[in-house]
Amino acid sequence: MEAVIYTIITNDGLYIGSTINFKNRCYKHKSSLKNGDTFPVYENIRNNNGNYKIEIILDLVCSDKKELRKIEEEYRDLCGANLNGQSAYTSREDRLTQKRNHSILKYYENI
């Protein structure tokens, strides 16, 4: 499937995303901004007087959305994106570690 990795840049922030339909994704970002969504990227844009730039940084072909999200996560780490609200991809090993840590915390909360 054809896809893109894109950025939203403000004076003091960077968001990195991915999509298979860039035009539609831009529309959704503008709509979320207008509707008052409180995700970090939209709050940051509002704090920068609505000034932001959105652009494609990579055109690519992926086998599926999992691969696309994995590549997006690599770019987020590489570029130091600070406005993404959540990870695009978490490996199975990382999910198991998070689950294990959560279980340990719950155990000690109940003591």
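Asn49 follows helix 2 and has a positive phi, near 55 degrees. Helices here are DSSP runs of H or I with at least four residues, strands are E runs of at least two, and both are numbered from the N terminus. The model is predicted, so local features need pLDDT of at least 70 and side-chain atom pairs count only at pLDDT 80 or more, while totals for chains, interfaces and linings use all residues. Residues are numbered from 1 along each chain as its sequence is written, and side-chain values use heavy atoms, with hydrogens and water left out.

Stay with helix 2. Its buried residues are Val41, Tyr42, Asn44 and Ile45. Buried means under 20% relative accessible area, exposed means over 50%, and partly exposed lies in between, with a 1.4 Å probe and protein chains only. What do the buried residues of helix 2 pack against? They pack against strand 1 (2-10), strand 2 (13-19) and helix 1 (22-34).

Asn44 belongs to that set. It sits in helix 2, residues 40-47. Its relative accessible area is 11%, so Asn44 is buried. Leaving aside residues up to four places away in sequence, Asn44 touches Thr10, Asp12, Gly13 and Leu83. Contact here means heavy atoms within 4.5 Å. With Thr10 there is also a side-chain polar contact of 2.4 Å. A polar contact is a pair of N or O atoms within 3.5 Å; within protein, one must be able to donate a hydrogen and the other to accept it, and residues adjacent in sequence count only if both atoms are side-chain atoms.

Now the charged pairs. The structure holds 3 salt bridges, each a side-chain nitrogen of Lys or Arg within 4 Å of a carboxyl oxygen of Asp or Glu. In one of them, Glu43 meets Arg46, with the closest N and O atoms 3.5 Å apart. These two are 3 residues apart in helix 2, so about one helical turn separates them. Glu43 is partly exposed at 32%, and Arg46 is partly exposed at 30%.

Arg76 bridges to Glu73, and here the closest N and O atoms are 2.9 Å apart. This pair lies in helix 3 (residues 65-79), also 3 residues and about one helical turn apart. Lys53 and Glu55 form another bridge, at 3.6 Å between the closest N and O atoms. Lys53 is partly exposed at 48%, as is Glu55 at 30%.

Next, the aromatic rings. The whole structure has 3 aromatic pairs. In one, Tyr6 and Tyr15 have ring centres 6.2 Å apart and planes at 45 degrees, so the pair is tilted. Rings of Phe, Tyr and Trp (its six-membered ring) pair if their centres lie within 6.5 Å; planes under 30 degrees apart count as stacked, over 60 as edge-to-face and the rest as tilted. Tyr6 is buried at 0% relative accessibility, and Tyr15 is buried at 12%. Together with Phe22 they form one aromatic cluster, Tyr6, Tyr15 and Phe22.

Last, the cysteines. The count is 0 disulfides, taking a disulfide as a pair of cysteine sulfur atoms within 2.5 Å. Cys62 is buried at 3%, whereas Cys79 is partly exposed at 39%.
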